[in-house]
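Hi everyone, thanks for making time for this. Please have a look at the sequence and the model on the screen, and then I'll walk you through what I found.

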Amino acid sequence: MMLNLNTVHKRKSAAITIVIMSLLFVLIFFVGLKYLDPPIEFGISLNFGTSDMGMGDDQPTEPLAPSSQQIVEDQEESVPQESTPTSTVKEEVATQDMEDAITIKKQLEAKKRVEEQLKIEKAKNDAIAKKKAEEDAKKKNLDAMIGGISNGTGKATGGEGNDNVPGDKGGINGDPNANGYYGTGGSGSGGDYQLGNRKPISRPKPDYICNEEGLVIVRIEVDNKGRVIKATPGVKGSTNTASCLLTQAEEAALKTTWQPDSNAPAKQIGTIRYRFSLSQ
């Protein structure tokens with residue numbers, strides 16, 4: 001160590017350091033921090049006891065026996081309380097809400113169906129009323145034009161019909177030469193005749209005897225002399241097979257005559273299509 005203090009400056013520095021360290025050691029020894037063993041306690045002292053509540057001025061030095069009231073309270077606290085079945089309540093509420101929603105939906109659907117039905121019926125009634133109004137107006141105009149036919153003040157005499165009642169049976173738009181008494185106009189219809197290349201010679205019209213309309217197809221069998229030997233009304237393609245139409249179509253078909261053809265077969269098959277319409 002002395003080898004390190006080989007100069008005057010180093011020796012002075014070492015001396016100064018030793019002096020300073022000595023002074024600090026003395027200062028710490030006499031003036032340093034003071035402490036007590038054991039240390040001083042801090043805080044608030046707590047009274048000895050065995051419960052959260054009490055009364056009186058006589059401080060016992062041992063734990064007291066529990067009173068009857070404390071025993072009852074402890075028992076009450078130890079009894080588990082029944083939990084409310086919240087999940088069940090929620091399920092019942094949800095189920096009730098769902099049932100109410102379904103009931104409301106059914107009521108709305110029923111109301112909608114009733115409204116639609118009423119709307120359809122109203123449209124039908126309006127159409128019927130409109131048609132009746134048009135017919136009444138038409139009759140009124142015709143009545144004014146021909147001098148009061150609805151009041152029976154015409155000047156013509158006689159009558160026609162099959163009811164044994166005075167009057168002229170038929171329709172105001174009918175044909176005076178027709179034999180039918182039903183429909184709103186016209187006297188039946190002609191036909192669509194099909195028999196190879198043979199043409200009909202006579203084509204009688206079927207009479208109208210009922211309030212029916214539609215297409216009646218008659219299957220016919222014709223000999224080579226042009227006579228219809230068999231007629232079958234209401235075959236495939238007919239749109240109305242009411243008996244009152246079939247009988248008249250059959251009768252008209254049997255009265256129909258065709259061009260004779262010696263080269264034709266003894267029984268040639270063909271058809272006649274009769275269109276019955278109440279408005280024509």
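Let me start with a definition: I call a residue buried when its relative accessible area is under 20%, exposed when it is over 50%, and partly exposed in between, using a 1.4 Å probe and protein chains only. Helices (H or I, at least four residues) and strands (E, at least two) are DSSP runs, numbered from the N terminus.

Now the ground rules. Residues are numbered from 1 along each chain as its sequence is written, and side-chain values use heavy atoms, with hydrogens and water left out. This is a predicted model, so local features need pLDDT of at least 70 and side-chain atom pairs count only at pLDDT 80 or more, while totals for chains, interfaces and linings use all residues.

Which residues of strand S6 (residues 268-276) point to one face and are buried? They are Gln-268, Gly-270, Ile-272, Tyr-274 and Phe-276.

Let me zoom out for a moment. The protein chain has four helices and six strands, and from the N terminus on the order is α-α-α-β-β-β-β-α-β-β. Of the 280 residues, 16% are buried. The chain exposes about 23,200 Å², with 56% of that supplied by carbon and sulfur atoms; these areas come from the Shrake-Rupley method with a 1.4 Å probe, and for residues only the protein chains shown count as cover. I count a contact when heavy atoms are within 4.5 Å. Among contacts between residues at least 6 apart in sequence, 66% join residues at least 24 apart.

Back to the strands. I say that two strands pair if DSSP finds at least two bridges between them. S3 and S6 pair in the antiparallel sense over nine bridges. Ile-217 has Arg-273 as its bridge partner in S6, and Ile-220 stands opposite Gly-270 in S6. S3 also runs antiparallel to S4, joined by five bridges, and there the partner of Ile-220 is Ala-231. S3 and S4 form a hairpin with five residues between them, and Gly-226 in the turn has a positive phi of about 95 degrees.

By a nonpolar core I mean a set of buried Ala, Val, Leu, Ile, Met, Phe, Trp, Tyr and Cys residues joined through side-chain atoms within 4.5 Å. The largest one has 22 residues, and those with the most contacts inside it are Val-218, Ile-220, Leu-245, Trp-258 and Tyr-274. S3, strand S4 (228-233), H4 and S6 each give two or more residues to this core, and H4 gives the most, with six. In general, nonpolar side chains in soluble globular proteins tend to be buried together.

Leu-245 touches several residues beyond four places away in sequence, among them Tyr-208, Cys-210, Val-216 and Phe-276. Trp-258 lies in strand S5 and is buried, at 1% relative accessibility.

A polar atom of its side chain lies 2.9 Å from the backbone oxygen of Ala-252. Its contacts beyond four places away in sequence include Tyr-193, Gly-226, Val-228, Ile-272 and Tyr-274.

Finally, the disulfide, meaning a pair of cysteine sulfur atoms within 2.5 Å. The structure holds one, and it joins Cys-210 to Cys-244, with 1.9 Å from S to S. The pair links distant parts of the chain, 34 residues apart: Cys-210 sits in the loop between strand S2 (200-202) and strand S3 (214-222), and Cys-244 in helix H4. The link is right-handed, with 70 degrees about the S-S bond. Cys-210 is buried at 12% relative accessibility, and Cys-244 is buried at 16%.

That's my tour, so over to you for questions!

Terms used: A polar contact is a pair of N or O atoms within 3.5 Å; within protein, one must be able to donate a hydrogen and the other to accept it, and residues adjacent in sequence count only if both atoms are side-chain atoms.
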